[in-house]
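Below are my notes on the model, for use alongside the coordinates. They are set out as numbered points.

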Amino acid sequence: MIGSLRALAPALLATALLAGCASVKAYQREHLADPIMSFDADTREAARELHWLEAREGSTGGAGIAGGGCACN
Amino acid sequence: LTDLAGATVMLSELRGQVVVVNFWASWCKPCKRELMRLDQWNRELDGRPARIVAVSIDSDREKAARFIQDKGLALPVFHDGPSGLAAVLDLPSLPCTVVLDAWGRVVRVRGGGDDDTVRELRHTVEALLENRPASVRAGEVSG
């Protein structure tokens with residue numbers, strides 16, 4: 001009995017973890033698009049740095065995720 | 001729908017005109033860029049039987065109102081939130097624009113907010129205004 005429970009444990013764990021996965025529609029991404037969801041500690045400073053970098057390099061894009069999570073790109 | 005002052009408005013009041021309904025949000029940067037273009041286009045349509053209306057899907061109406069006020073946009077803006085029409089229509093992307101003919105039928109659904117999008121929407125609306133068949137199938141989603 002205990003052996004079969006042990007065998008089932010990884011499957012149960014995976015089921016429990018994957019149950020939280022869901023696709024988010026474009027119109028539901030308001031909270032995801034919030035700057036606070038960024039990995040950067042200071043999002044405004046990061047945006048300024050990126051702007052400066054883009055100006056220096058003469059190119060844009062390729063940094064981080066595209067857009068604000070609104071699925072428009 | 002409600003306008004930014006909170007008054008209820010029916011889209012059916014615009015029946016008889018070609019109506020371009022643009023779904024946008026203050027947290028969506030491409031939406032805001034497109035809205036500026038649509039505002040300009042709406043001014044150009046003055047006196048013709050076509051209207052552009054913007055529907056904000058922000059949860060907070062104030063955020064939408066602040067953006068419209070800051071930019072001085074003149075096109076009619078309504079607020080519907082993320083669980084209203086956007087959910088009913090299950091918008092495929094944001095920004096997303098729906099073109100309705102004079103009878104309120106959906107002629108086109110177009111995602112995206114770049115220059116090409118606005119150009120294509122203009123083409124569709126001009127075709128409807130001239131009673132030409134639009135070059136796209138009804139209900140086609142593109143972009």
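This is a predicted model: local features need pLDDT of at least 70, side-chain atom pairs count only at pLDDT 80 or more; totals for chains, interfaces and linings use all residues.

1. The residues concerned are B:P30, B:C31, B:E34, B:L35, B:L38, B:D39, B:W41 and B:N42.

2. Helix α1 of chain B covers residues 29-44, 16 residues in total. From first C-alpha to last it reaches 24 Å, close to the 22 Å expected at 1.5 Å a residue.

3. The structure holds 1 disulfide over all chains. The link between B:C28 and B:C31 is right-handed, with 80° about the S-S bond, and both cysteines are buried.

4. B:C96 takes part in no disulfide; its nearest cysteine sulfur belongs to B:C31 and lies 9.7 Å away. B:C96 has 0% relative accessibility and therefore counts as buried, the cut-off being under 20%.

5. β5(B) pairs with β6(B) in the antiparallel sense, over 5 bridges. Within this pairing, B:T97 has B:R110 of β6(B) as its bridge partner. The two strands form a hairpin with 5 residues between them, and B:G104 in the turn has a positive phi of about 85°.

6. Is strand β6 (residues 106-111) of chain B largely enclosed or largely open? Of its 6 residues, 5 are buried, so β6(B) is largely enclosed by the rest of the structure.

Methods:
Residues are numbered from 1 along each chain as its sequence is written. Chains are lettered from A and ligands numbered from 1 in the order in which they are written. Side-chain values use heavy atoms; hydrogens and water are left out. A disulfide is a pair of cysteine sulfur atoms within 2.5 Å. Buried means under 20% relative accessible area, exposed over 50%, partly exposed in between (1.4 Å probe, protein chains only). Helices (H or I, at least four residues) and strands (E, at least two) are DSSP runs, numbered from the N terminus. The expected span of a helix is 1.5 Å times one less than its number of residues. Two strands pair if DSSP finds at least two bridges between them.
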